[in-house]
Amino acid sequence: MSGSNNPYNASFGGQMSASASFSATPAAGGASPIKDTTTATFAKDVIEESRNQPVLVDFWAPWCGPCKQLTPVLEKVVTEAKGRVKLVKMNIDDHPSIAGQLGIQSIPAVIAFVNGRPADGFMGAVPESQVRQFIDRLGGPAGGDDPAAEIAAVLEEASGLLAAGDVNGAAELFGAVLQADPENAKALAGMAECMIAAGQSQRAREALADLPETLANDAGIQAVVKKLDQIDEARKLGDPVAIERELASNPDNHEQRIKLAKIRNVEGKREEAADHLLTVMRKDRSYDDDGARRQLLEFFEVWGAKDPATIAARRKLSSILFS
């Protein structure tokens, strides 16, 4: 699933996306992962080599104080990465044309190349911890002897980024996993979640269509499909402002309250959605054959058992059921 035909190869917000390379091994013969380059050798040292593994290009100059701070840090972290990435250094005083073509106006500047193209970068003498995070994002986390553990770590980081609202960062990592493992169910579901968060629900549905049965039956993917169904349903339920006005004049209109809960759910207002359903349950458990409870359980399936909204709503649900 690479190239222009990959439905998961998305660009969110126009940012450059990185692609992880799992289980990379050091160059044959113990060759150093660090070298200097020139304008004449840039294509070979960077463009061609980046098709094998990520290549960091350090644009520097002898007179640049911050460069003298950053370069030793880069060299140390790249060496400790044990072949997951390479570092190529370019003196822009001697070779200014490449930096000019890339629009670099200040140094130090580090640009990462993946598959022959710029993929990510940063400027300034950043701390060692940030350099490590940058390399981990590009080359996968340390511990290349266990690819499954690497992928699991990347998926965990991607999920954390998505939960924090960093859709671009999450999409980069989910996409990197799909490059290494095109049928990874968690990455497929995660990328679809990124598409939904980016307002691309139809694209998410298309990405999850016609999957092999083993993937289609995965609980995580089924939860995303249910989420897409909830979004489609909510779009047909009417104007939430009008529904709120109706409830203000008739608080016991359970049909409208359940509609509003469905709308609030797809808006991401999970606690409010749950409270509307719980209100119906408190007033009339028999309404629609306990429909409010059934709807709340459907929300739980999509939200996940560990979601704070699920935990809080389950607690309130228990107090109603066992009071």
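Me: How exposed is Asp288?

Reply: Asp288 is partly exposed, with a relative accessible area of 48%. Buried means under 20%, exposed means over 50%, and partly exposed is in between (1.4 Å probe, protein chains only).

Me: What sort of model is this?

Reply: This is a predicted model, in which local features need pLDDT of at least 70, side-chain atom pairs count only at pLDDT 80 or more, and totals for chains, interfaces and linings use all residues. Residues are numbered from 1 along each chain as its sequence is written, and side-chain values use heavy atoms, with hydrogens and water left out.

Me: Back to Asp288. Where is it found?

Reply: Asp288 is in the loop between helix H13 (270-283) and H14. Helices (H or I, at least four residues) and strands (E, at least two) are DSSP runs, numbered from the N terminus.

Me: And what about the phi of Asp288?

Reply: The phi of Asp288 is positive, about 55°, although Asp288 is not a glycine. Most residues other than glycine have a negative phi.

Me: Now Asp210. What is its phi, and where does it lie?

Reply: Asp210 has a positive phi too, of about 60°, and is not a glycine. Asp210 lies in the loop between helix H8 (201-207) and helix H9 (213-216).

Me: Is Asp210 buried or exposed?

Reply: Asp210 counts as exposed because its relative accessible area is 81%.

Me: Which residues does the cis peptide bond join?

Reply: The cis bond joins Ile107 and Pro108, with omega at about 0°. Pro108 sits in the loop between helix H3 (97-101) and strand E4 (109-114). Most peptide bonds are trans.

Me: Zooming out. How many helices and strands does the chain have?

Reply: The protein chain has 15 helices and 5 strands. Of its 323 residues, 46% count as buried.

Me: What about contacts along the chain?

Reply: Contact means heavy atoms within 4.5 Å. Among contacts between residues at least 6 apart in sequence, 66% join residues at least 24 apart.

Me: Helix packing next. At what angle do H10 and H14 cross?

Reply: Helix H10 (residues 219-234) and helix H14 (residues 291-303) cross at roughly 130°, and their axes come within 8 Å. H10 is therefore oblique to H14. Axes are lines fitted to C-alpha atoms, for helices over the stretch in contact, and angles run from 0 to 180 degrees between N-to-C directions. Under 35 degrees counts as roughly parallel, over 145 as roughly antiparallel, 65 to 115 as roughly perpendicular, and the rest as oblique.

Me: Which residues make that contact?

Reply: From H10 the contact uses Ala223, Lys226, Lys227 and Gln230, and from H14 it uses Glu298, Phe299, Glu301 and Val302. These divide into 3 nonpolar, 1 polar and 4 charged. Ala, Val, Leu, Ile, Met, Phe, Trp, Tyr, Cys and Pro count as nonpolar, Asp, Glu, Lys and Arg as charged, and the others, Gly among them, as polar.

Me: Take Lys226. What does it touch, leaving aside its neighbours within four places in sequence?

Reply: With those neighbours set aside, Lys226 is in contact with Glu301 and Val302. The C-alpha atoms of Lys226 and Glu298 are 8.4 Å apart, and the two residues are 72 residues apart along the chain. At 37% relative accessibility, Lys226 counts as partly exposed.

Me: How do H12 and H14 pack?

Reply: Helix H12 (residues 254-266) packs with H14 at about 5°, with the axes 11 Å apart. H12 and H14 are therefore roughly parallel. Ile258, Ala261, Lys262 and Asn265 of H12 meet Ala292, Gln295, Phe299 and Trp303 of H14. The residues of this contact divide into 5 nonpolar, 2 polar and 1 charged.

Me: Is Lys262 buried or exposed?

Reply: Lys262 counts as buried because its relative accessibility is 16%. Leaving aside neighbours within four places in sequence, Lys262 is in contact with Glu233, Ala234, Leu237, Gln295 and Phe299.

Me: Last topic. How many disulfides are there?

Reply: A search of the whole structure finds 1 disulfide (a pair of cysteine sulfur atoms within 2.5 Å). Cys64 and Cys67 form it, with their sulfur atoms 2.4 Å apart. The link is right-handed, with 80° about the S-S bond.

Me: Are those cysteines buried or exposed?

Reply: Cys64 is buried, at 3% relative accessibility, and Cys67 is buried as well, at 2%.
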